[in-house]
2 protein chains.
Amino acid sequence: MKLGDYSLAESEEAMRAKVGNLPIDFASARAVSTLYRAANAARTKLTNSVLREHDITWTGWVVLWVVWIWDGLETRRASEAAGISKATLTGVVNTLVTRGWLDRARGTEDKRMVNLSLTPAGLELVQTIFEKFNAVEAQLVSQISPERLEEMTAGLRQIVETVEATRD
Amino acid sequence: MKLGDYSLAESEEAMRAKVGNLPIDFASARAVSTLYRAANAARTKLTNSVLREHDITWTGWVVLWVVWIWDGLETRRASEAAGISKATLTGVVNTLVTRGWLDRARGTEDKRMVNLSLTPAGLELVQTIFEKFNAVEAQLVSQISPERLEEMTAGLRQIVETVEATRD
DNA sequence: GGGATATTGTTCGTACCCAAACGACGCAAG
DNA sequence: CTTGCGTCGTTTGGGTACGAACAATATCCC
């Protein structure tokens with residue numbers, strides 16, 4: 001068996017052979033493992049083809065992006081929007097501030113808050129990267145029919161909603 | 001605006017307002033960002049509800065799982081099957097060996113190789129976790145119709161294949 | 001006003017994550 | 001038989017990633 005075959009179809013077949021007699025929901029298992037594999041593939045592809053040349057990581061980009069979209073953000077909202085913990089955000093922001101792309105400003109009204117905003121260099125970087133990034137995103141899903149893409153996105157959204165609904 | 005609204009729909013709307021006049025492919029952008037968000041949500045949910053009580057991380061579980069499915073693996077194949085780099089795998093395997101779940105064995109025929117295999121404790125752990133894990137997977141996708149789930153999985157698979165095809 | 005309670009961002013500890021450099025090993029051509 | 005090239009797993013260095021504990025600040029309730 002050649003290398004490259006340890007993915008998807010072959011893994012599924014191996015799993016079926018291993019646990020075929022157990023009461024397993026294969027459709028769910030396949031969906032979740034494919035979900036994770038696709039997310040990793042997309043992140044790696046986007047990182048290598050767009051972000052690497054600008055010396056910025058995936059998470060760093062996501063943080064810059066949400067700060068851009070929302071015209072500045074408090075830390076607590078930025079971590080939520082970026083989908084990372086506030087502890088992780090602290091470290092990522094440290095990196096972005098050091099790189100000269102982000103500014104920290106302690107809140108004036110509520111001194112617990114920290115407001116994040118783009119520096120001019122950060123703004124320029126975001127604008128430079130954004131279109132390239134979207135072009136690669138389009139390429140990633142280019143083999144999927146519009147109808148299927150719609151169904152896929154809707155399904156993914158339901159997973160997110162299911163998790164958020166059962167989070168107590 | 002209340003907290004919790006910095007996700008999905010609201011972010012999309014903010015993005016549209018910010019870049020509405022640029023030639024952006026919104027369907028692709030929405031698909032990729034939702035993909036990443038769903039993968040993170042699924043991983044967090046599965047980690048907290050199943051893996052945490054067994055003191056094992058997501059990546060650690062994936063590695064144990066692929067070694068189980070394939071009845072032992074060489075390191076190079078394990079990293080591919082687990083979707084992580086070989087450098088990462090070295091560290092994860094260190095952890096799993098220390099925990100007593102995995103064995104390292106230098107290849108006899110080709111001394112560059114390292115074969116991974118489950119210890120009895122590791123085998124017991126995998127079997128214990130597997131069914132719980134699958135039950136939560138099923139819950140994650142329980143709100144998705146079978147037809148949509150099929151379409152979603154097919155779409156995700158096409159993303160993986162697109163990335164693998166353009167990797168040179 | 002003052003004590004209990006909640007919320008903010010940070011720190012700490014542990015573990016992952018990867019590209020690049022590295023040393024050990026295999027292999028084939030001369 | 002040795003020289004060169006390719007492949008293996010590991011190490012290195014910088015950067016996430018998160019839960020828990022923390023100090024500072026805000027707010028509530030009497």
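## Surface near DNA strand D

In this predicted model, the surface near DNA strand D draws at least two residues from each of three helices, namely α5 (86-99) of chain A and, from chain B, α4 (75-82) and α5 (86-99). Of the elements involved, α5(A) gives the most to this surface, with five residues. Where the atoms of DNA strand D come within 4 Å of the protein, sugar and phosphate account for 75% of them. Sorted by class, the residues of the surface near DNA strand D comprise ten charged, seven polar and six nonpolar.

A polar backbone atom of A:Glu109 is found 3.4 Å from a phosphate oxygen of DNA strand D, whereas B:Arg112 places a polar side-chain atom 2.9 Å from a base nitrogen of DNA strand D.

## Surface near DNA strand C

For DNA strand C, the helices that each supply at least two residues of the nearby surface are α4 (75-82) and α5 of chain A, together with α5 of chain B. Here the largest share comes from α5(B), which contributes five residues. There are 23 residues around DNA strand C, the closest being A:Arg76 from chain A and B:Thr57, B:Thr59, B:Ser85 and B:Thr88 from chain B. The surface near DNA strand C is made up of ten charged, seven polar and six nonpolar residues.

From chain A, an N or O atom in the side chain of A:Thr90 is 3.1 Å from a phosphate oxygen of DNA strand C, and an N or O atom in the side chain of A:Lys86 is 3.1 Å from a base nitrogen of DNA strand C. From chain B, the side chain of B:Thr95 has an N or O atom 3.0 Å from a phosphate oxygen of DNA strand C.

## Fold and dimensions of chain A

Chain A contains seven helices and three strands, and, read from the N terminus, its elements follow the order α-α-α-β-α-α-β-β-α-α. Its radius of gyration is 20 Å, well over the 15 Å that the globule rule gives for 168 residues, so chain A is more spread out than a compact globule. Taken along the principal axes, the box filled by its C-alpha atoms is roughly 60 × 40 × 30 Å.

Of the 168 residues in chain A, 48% are buried. Among the contacts in chain A with a separation of 6 or more, 53% are between residues 24 or more positions apart. The accessible surface of the chain comes to about 8,300 Å², and carbon and sulfur atoms hold 50% of that area.

## A buried histidine in chain B

B:His54 sits in the loop between α2 (26-51) and α3 (58-69) of chain B. Its relative accessibility is 18%, and because the cut-off for a buried residue is under 20%, B:His54 counts as buried. Leaving aside residues up to four places away in sequence, B:His54 touches B:Trp101, B:Leu125, B:Thr128, B:Ile129 and B:Lys132.

Technical notes
Residues are numbered from 1 along each chain as its sequence is written. Chains are lettered from A and ligands numbered from 1 in the order in which they are written. This is a predicted model: local features need pLDDT of at least 70, side-chain atom pairs count only at pLDDT 80 or more; totals for chains, interfaces and linings use all residues. Side-chain values use heavy atoms; hydrogens and water are left out. A residue is near a molecule or strand if one of its heavy atoms lies within 4 Å of it. A polar contact is a pair of N or O atoms within 3.5 Å; within protein, one must be able to donate a hydrogen and the other to accept it, and residues adjacent in sequence count only if both atoms are side-chain atoms. Helices (H or I, at least four residues) and strands (E, at least two) are DSSP runs, numbered from the N terminus. Ala, Val, Leu, Ile, Met, Phe, Trp, Tyr, Cys and Pro count as nonpolar, Asp, Glu, Lys and Arg as charged, and the others, Gly among them, as polar. The radius of gyration is taken over C-alpha atoms; the globule rule is 2.2 Å times the number of residues to the power 0.38. Buried means under 20% relative accessible area, exposed over 50%, partly exposed in between (1.4 Å probe, protein chains only). Contact means heavy atoms within 4.5 Å. Accessible areas come from the Shrake-Rupley method with a 1.4 Å probe; for residues, only the protein chains shown count as cover.
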